[in-house]
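Keep the model open while you read, and try to find each spot yourself.

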2 protein chains.
Amino acid sequence: MKTISVDIAIVGAGLAGLSAAEALSRAGRTVIVLEADERVGGRTLNYDLGHGKVVEVGGQWVGPTQRHLLDLAGRLNVDTYPTYTTGKSVAMLDGGRSVYRHVPRLSPFGLMESGLTLARLDRLARRIDVEYPWTDRRGLDELTMASWMRAHVHTRVARTMLELLIENVFACTPADVSLLHIVTCVQSARGMSPLIRTRGGAEDARFIGGSQLLSLRLAEQLGPEIVILNSPVRTIAQSADRVRVRAESIEVRASHVVVTVPPALAGRIAYDPPLPASRDQLTQRTPMGSIIKCLAIYDEPFWRNDGYNGQAVADRLAIHATFDNSPPDGHPGILLGFLAAGNARSLARVEESERRHAVLRSLAAFFGPRAQHPRDYVEMDWSAQEWARGCYSAHFPPGVWTGYGDALRAPVGRLHWAGTESATTWIGYMEGAVQSGLRAAADVLDRS
Amino acid sequence: MKTISVDIAIVGAGLAGLSAAEALSRAGRTVIVLEADERVGGRTLNYDLGHGKVVEVGGQWVGPTQRHLLDLAGRLNVDTYPTYTTGKSVAMLDGGRSVYRHVPRLSPFGLMESGLTLARLDRLARRIDVEYPWTDRRGLDELTMASWMRAHVHTRVARTMLELLIENVFACTPADVSLLHIVTCVQSARGMSPLIRTRGGAEDARFIGGSQLLSLRLAEQLGPEIVILNSPVRTIAQSADRVRVRAESIEVRASHVVVTVPPALAGRIAYDPPLPASRDQLTQRTPMGSIIKCLAIYDEPFWRNDGYNGQAVADRLAIHATFDNSPPDGHPGILLGFLAAGNARSLARVEESERRHAVLRSLAAFFGPRAQHPRDYVEMDWSAQEWARGCYSAHFPPGVWTGYGDALRAPVGRLHWAGTESATTWIGYMEGAVQSGLRAAADVLDRS
């Protein structure tokens, strides 16, 4: 067992942990980052396409209001390029197929109610204080999103649109999640529009070299003596004046520790003394979402020639949402499809060939029979990843924000908490991860 | 590191683990039970009153239909005695105080709706297959109990009664839990009436010598070489032909392992290979309830002389439910009060003296000023117990039974699951723990 003493120990080498490490290093503190996996990046991961090109099988997009993430990319000289949006989208809803530029051909009443519902959620969100969502007194945490929809959404079109939104933005079903959680996340992105728009919103742009490059560069700057891979933290013991953070073959002694893994995984570390009940019970109540990210790789982005932008939504296929996920120069052509929530759960249980078949059948229904024959097919079931156990992030069922929210960021002695689940901007996004890491670093500097 | 080889390793020396160990031993198998805590009994725990008397600070009651538990007690020569129910009950609801024998003095409409609501839940429960609750197709898992109540319960009295029922039987609020979970538990007890009745129901009787005596006797029979205390299991590795179960200073090699701790705690063990996504995500979605069990101990059960049976309910006091918890001979006199759900969470955060004051004030409101002055006061916050992390048991939020229920009992290779959360009779009760342990033992015997 190797023992190292530093000022601050950090658990997790994703964007939160590495951002915290960078900030603390710049402030003159010594740090060690312990990472369970054999790589850095957490829920971001590049897949090598060969010829110096990559595509992401984890988090990937960046939007114009995600300042912490863009600033980080700027410091690391990682450039962005716009998400491909030229051409028409496809909607296969309620048995029909609609190809459109702005608005799908659907019942006007349904479309109107969809818009009104989004506006209504926006208004509910505006009164949330994202620093203290648990102080909300409107009873929003007693309802699942499904219950609220049953009471307030009446057309089939609007209900379907909203279900697709919840599935694809939150990786859970409306029945899994509290209304307060949804509107808290909306408010953390400063409204529904930034959250759901591609151009100008959450999916505005991508990173040249792939989103994992941010973590790779941060880790490179810190160096391999500081970022220790293959070291799942098993126990964290704290006394009056220090903490001891133990992995299988290394112990780090520090004055503070920043735990950046999601609450559900943070609860799997053994703490001495044990965590307070409120913090421990929080970790029992914040499950990770269910996502399988599927990439079909073609010689050419053939859909572009057919006038499609690669974006599609559907309610009855395996894949409910797609994007053109090609590299900046459009070669190879890549279609990204998400299996989310219920479909991720059920299709995780079938053979890989059957799942692939269902995914490619969906893509062909959107973009024609050529989609059936990719030159390569890549998928990533984040629920099966031991050090993520779900994606994109945690969702809070009813009662959790109001019952336990105040334990989300509150330090426990010398333990500090970061990770996108603990962010106050863009909860669940890479932006939130970076912001949470910087906030935790500032908290530690305040106290040491 | 000591290494022991046996046929079956068992994790947890509560009623589930010890029942499984007994059954497997009787079938001629060698077993080892690894217990994290320094004692056996899990969520049962006797408190020593001196002079050979005890009172329970954990699970304690037994009902006439709890056959597995009664059979176990019979085999162990542990006798029962009836819960004290002679005299009048107190209800402090909606600002009033009512002393009654059968029905509190409340709005007749409210009382009528309370009865109708219980009957309605009973009817919903009757169609649940407790072996496969996730096959229910009525959408009950999309609703929280709170949402269902908002739609179906209209009088304030009935709503209050139902809230008290959920809090005191499930240790959570109606907003925390899926309607499907509630009716599944009701059906596992074969109806609402057994679940909520004292006489003839779940609180019918108690064990002479305290409920922990069952575990103590089982552990004594098995012997200290078989039941190993102070050994939190950290990793379980399985290969094609065996499992290795590791605690700090002992490794058990076995052909099968039975994990009897609640899913939320089972998820904190490191598995190699990692658990399948569905089982892992289940462990993220089954939080433990919140209970502080409070005992005020008096020289005499003074309330009996005043004609009270020691049972009370309230909606606006700290304590929402009480029982006479005296030993068989009535000496000392003991009042039991539960801080449940929201009150358990909020009062866990104040000083012990303030909490005690709130509890005794409640008892005095029910039974008169003498209740303010116990000779002793004992409390147990189960959420703060490292090896329980909540009581009475896990509750399932919306979407969990239907999304993950089939992973609750399904073995993973050589891993088997027990514990009251996995029972099919009396889920959450001691009866369920015993039944689940016997079921897991039978499963292992079938496969080995």
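What covers the buried residues of α2(A)? Keep that in mind for the first points, and remember throughout that this is a predicted model.

1. **The cover over α2(A).** To answer the question, the cover includes α1 (15–26), α8 (212–222) and α15 (430–447) on the helix side of the list. The strands β6 (61–62), β7 (80–82) and β10 (205–207) of chain A also belong to it.

2. Helix α2 of chain A spans residues 67–75, and its buried residues are A:H68, A:L69, A:L72 and A:A73. If you look down the axis of α2(A), those buried residues fall within an arc of 135 degrees, so they line one face of the helix. Now turn to the face that points away from the buried side: the exposed residues A:D71 and A:G74 sit there.

3. Why stop for that? Most residues other than glycine have a negative phi. A:N77 is a residue other than glycine with a positive value, and it is found in the loop between α2 and β7 of chain A. Is A:N77 buried or exposed? A:N77 has 9 C-beta neighbours inside 10 Å, and 12 or fewer is the cut-off, so it counts as exposed.

4. You'll find B:N230 in the loop between β11 (227–228) and β12 (235–238) of chain B. B:N230 has 14 C-beta neighbours inside 10 Å, and therefore counts as partly exposed.

5. Three strands of chain A make an open sheet in the order β6-β10-β7, with antiparallel pairing. Here β6 and β7 stand at the edges with a single partner strand each, so one side of each is left without a neighbour in the sheet. If you'd like to check one pairing by eye, take β7(A) and β10(A), which are joined in the antiparallel sense over three bridges. A:Y81 has A:R206 in β10(A) as its bridge partner.

6. **α1(A) against α15(A).** Two packed helices are described by the angle between their axes and the distance between the axes. For α1(A) and α15(A), the angle is about 40 degrees and the axes are 7 Å apart. The two helices are therefore oblique to each other, and α1(A) passes α15(A) in a right-handed crossing. On the α1(A) side, the residues that meet α15(A) include A:L15, A:A16, A:G17 and A:S19. Among their counterparts in α15(A) are A:M430, A:A433, A:V434 and A:G437.

7. **β14(A) and its partners.** Strands of a sheet pair through backbone hydrogen bonds, either parallel or antiparallel. Strand β14 (residues 250–254) of chain A lets you see each kind. Strand β1 (residues 2–5) runs parallel to β14 and is joined to it by four bridges, with A:S5 partnered by A:R253. Strand β13 (residues 243–246) pairs with β14(A) in the antiparallel sense over four bridges, and A:R246 stands opposite A:E251. β13(A) and β14(A) form a hairpin, with three residues between them.

8. **Cis peptide bonds.** Most peptide bonds are trans. Between A:C391 and A:Y392, however, the bond is cis, with omega about -5 degrees. A:Y392 has its place in the loop between β21 (376–381) and α14 (400–404) of chain A. Chain B has a cis bond too, joining B:C391 and B:Y392 with omega about -5 degrees, and B:Y392 lies in the loop between β21 and α14 of chain B.

9. **Where the chains meet.** The contact takes 35 residues from chain B and 35 residues from chain A. On the chain B side, the elements giving two or more residues are α4 (145–152) and α10 (277–283). Which gives the most? That is α10(B), with four residues.

10. **α4 in chain A.** In helix α4 (residues 145–152) of chain A, A:M145, A:A146, A:S147, A:W148 and A:M149 are buried. Their cover includes α5 (156–170) and α6 (179–188) of chain A, together with α4 of chain B.

Methods:
Residues are numbered from 1 along each chain as its sequence is written. Chains are lettered from A and ligands numbered from 1 in the order in which they are written. This is a predicted model: local features need pLDDT of at least 70, side-chain atom pairs count only at pLDDT 80 or more; totals for chains, interfaces and linings use all residues. A residue is buried if 20 or more other C-beta atoms lie within 10 Å of its own, exposed if 12 or fewer, and partly exposed in between; C-beta atoms are placed from the backbone. The arc is that of the directions from the helix axis to the C-beta atoms. Two residues are in contact if their C-beta atoms, placed from the backbone, lie within 7 Å. Two strands pair if DSSP finds at least two bridges between them. Axes are lines fitted to C-alpha atoms, for helices over the stretch in contact, and angles run from 0 to 180 degrees between N-to-C directions. Angles under 35 degrees count as roughly parallel, over 145 as roughly antiparallel, 65 to 115 as roughly perpendicular and the rest as oblique. A crossing is left-handed if the near helix is turned anticlockwise from the far one by less than a right angle, and right-handed if clockwise.
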